[in-house]
There are 4 protein chains.
Amino acid sequence: MHNMTQQMRSCIKECLACYEMCLGTAMTHCLEAGGRHTEPAHFRLMMACAEICRTSAHFMLLASPHHKHTCKECAEICAECAKDCDRIGDMKECADACRRCAESCTKMAA
Amino acid sequence: MHNMTQQMRSCIKECLACYEMCLGTAMTHCLEAGGRHTEPAHFRLMMACAEICRTSAHFMLLASPHHKHTCKECAEICAECAKDCDRIGDMKECADACRRCAESCTKMAA
Amino acid sequence: MHNMTQQMRSCIKECLACYEMCLGTAMTHCLEAGGRHTEPAHFRLMMACAEICRTSAHFMLLASPHHKHTCKECAEICAECAKDCDRIGDMKECADACRRCAESCTKMAA
Amino acid sequence: MHNMTQQMRSCIKECLACYEMCLGTAMTHCLEAGGRHTEPAHFRLMMACAEICRTSAHFMLLASPHHKHTCKECAEICAECAKDCDRIGDMKECADACRRCAESCTKMAA
């Protein structure tokens, strides 16, 4: 992975950390708590956030110039997911991972 | 998968067909032919096209409203991949799958 | 995708059809119905089935000899998912897709 | 991601690190170096290793009991990929990531 900027390496790490957090939290905490945690709109957003994070990391690892577009979409979905985690409550750790990833992806998309 | 429009079902099929074609062609035809077929820019575009097609299908199956954005990006990458397959030559079947997917994703993104 | 047997082409189709069915059904029908449909064990099995189907298709498209092992695991998870769909009820279409994929993957794994 | 053992957290990290290394190295170093680095058998194994690592991490995050089987397969493919990286040469960093992941997955599969 020669010639990769430090900024891109860091963004891949944030994307994979947010993928882990969103998928892991949805499939354990949310699924087991039920109630508002399995509201379709919230659960779907968690799964969409996990998937776009996985995809954005993949595009950076492919060294595809289109990573700018996947990172832009990733920043939007992560920001939306962070807000929805705040609304649902009891999801602070997940919201924090989403915000860190949104910030890193916003820089990559610029 | 109740309540899914016929247009969305059709777009999922085109995305998965293009994913199959791009990944399968890159990993057999291109890799075995070598030469211009493994030029980094071409091979990378084939892999990026396979990945965005897989992701766009996933977003439609998640029933996420963000599928419009992944489909828009998918249409762009597929159109670019089709042109590059024409440039490389001996890739007509792949170029055709990319064009069909680009057309279908363009409609979904509208 | 030259030199791919008809049996492998058919197995890729069944895997992608089962991926579509399991992910699409979980994220719309199951999530919206709630109750026994979002029991963690059932929902998790649906998501695991979608993922192994996606992965087995990917291994066949990569032309990796390890596809035999992913197909073996896919056949096991699909068979288990079909039974669980029967237990939950109101999931016949999904159970049928799982059984077709299990049958196809069992042949590929041999 | 409550109730996840330290051993599983550690294995997810190794899987994602090996996914990053194999995909990133294949798509930059191998693709740009060409020659033996794009031999179909080697390149295909790198891509298969990246995919099974991504899938094994996913199964652990799903909290699926089938993660034992994906981790067993992951350990086998990673061990094979490490050996092949040694054979090709100039791939030490990648071989090391594969060996660390194989070791961690072997424990999870037990």
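1. Salt bridges between chain A and chain B. Across the interface of these two chains the rule finds 0 salt bridges. The contact itself draws 18 residues from chain A and 18 residues from chain B. About 1,600 Å² is buried between chain A and chain B, and carbon and sulfur atoms give 66% of that area. The structure is a predicted model, and every value in this note is to be read accordingly.

2. Relation of chain A to chain B. The same surface serves both copies, as 100% of the contact residues of chain A recur in chain B.

3. Relation of chain A to chain D. Chain A also superposes on chain D, by a rotation of 180 degrees with 0.0 Å of shift along its axis and an RMSD of 0.0 Å. That is the relation of a two-fold axis. For this axis, the nearest C-alpha in chain A is that of A:Leu16, 3.8 Å away. In general terms, a rotation about an axis and a shift along it relate two copies of a chain.

4. Interface of chain A and chain D. Here 20 residues of chain A are in contact with 20 residues of chain D. The two chains bury about 2,100 Å² between them, with 63% of it on carbon and sulfur atoms. Since 100% of the interface residues of chain A are also interface residues in chain D, the copies meet through the same surface.

5. Salt bridges between chain A and chain D. How many salt bridges does the rule find across the interface of chain A and chain D? The count is 2. A salt bridge joins the side chains of A:Glu20 and D:Lys13, at 2.9 Å from N to O.

6. Salt bridges over all chains. By the same rule the count over all chains comes to 40. One within chain A pairs A:Glu14 with A:Arg100, the closest N and O atoms being 3.7 Å apart. This pair links distant parts of the chain, 86 residues apart: A:Glu14 belongs to helix H1 of chain A, and A:Arg100 to helix H4 (residues 92-109) of chain A.

7. The largest cavity. The structure holds 2 cavities of 30 Å³ or more, and the largest has a volume of about 150 Å³. Which of its 16 lining residues are closest to the centre? They are A:His58, B:Met47, C:His58, D:Met47 and D:Glu51. The elements that give two or more residues to this lining are helix H2 (40-62) of chain A, helix H1 (6-33) and helix H2 (40-61) of chain B, helix H2 (40-62) of chain C, and helix H1 (6-33) and helix H2 (40-61) of chain D. By class, the lining of the largest cavity divides into 10 nonpolar, 2 polar and 4 charged residues.

8. The second largest cavity. This cavity holds about 110 Å³ of space. Of the 15 residues that line the second largest cavity, A:Met47, A:Glu51, B:His58, C:Met47 and D:His58 are the closest to its centre. Two or more residues of the lining come from each of helix H1 (6-33) and H2 of chain A, and helix H1 (6-33) and H2 of chain C. The lining of the second largest cavity has 9 nonpolar, 2 polar and 4 charged residues.

9. The surroundings of D:Arg87. D:Arg87 is placed in helix H3 (residues 67-88) of chain D. With its neighbours within four places in sequence left aside, D:Arg87 is in contact with D:Glu39 and D:His42. The C-alpha atoms of D:Arg87 and D:His42 are separated by 9.7 Å, and the two residues are 45 residues apart along the chain.

How values were computed. Residues numbered from 1 in each chain as written. Chains lettered and ligands numbered in written order. Predicted model: local features only at pLDDT ≥ 70, side-chain atom pairs only at ≥ 80, totals over all residues. Heavy atoms only, no water. Least-squares fit on C-alpha atoms with pLDDT ≥ 70 in both. Contact = heavy atoms within 4.5 Å. 1 Å grid on protein atoms, 1.4 Å probe; cavity = no way out; pocket = protein on both sides within 12 Å on 5 of 7 lines; lining within 4 Å. Points joined across faces, edges and corners; volume = space filled by probe spheres on them. Helix = DSSP H or I, 4+ residues; strand = E, 2+ residues; numbered from the N terminus. Nonpolar A, V, L, I, M, F, W, Y, C, P; charged D, E, K, R; others polar. Buried area = accessible area lost by both parts, 1.4 Å probe. Salt bridge = Lys/Arg side-chain N within 4 Å of Asp/Glu carboxyl O.
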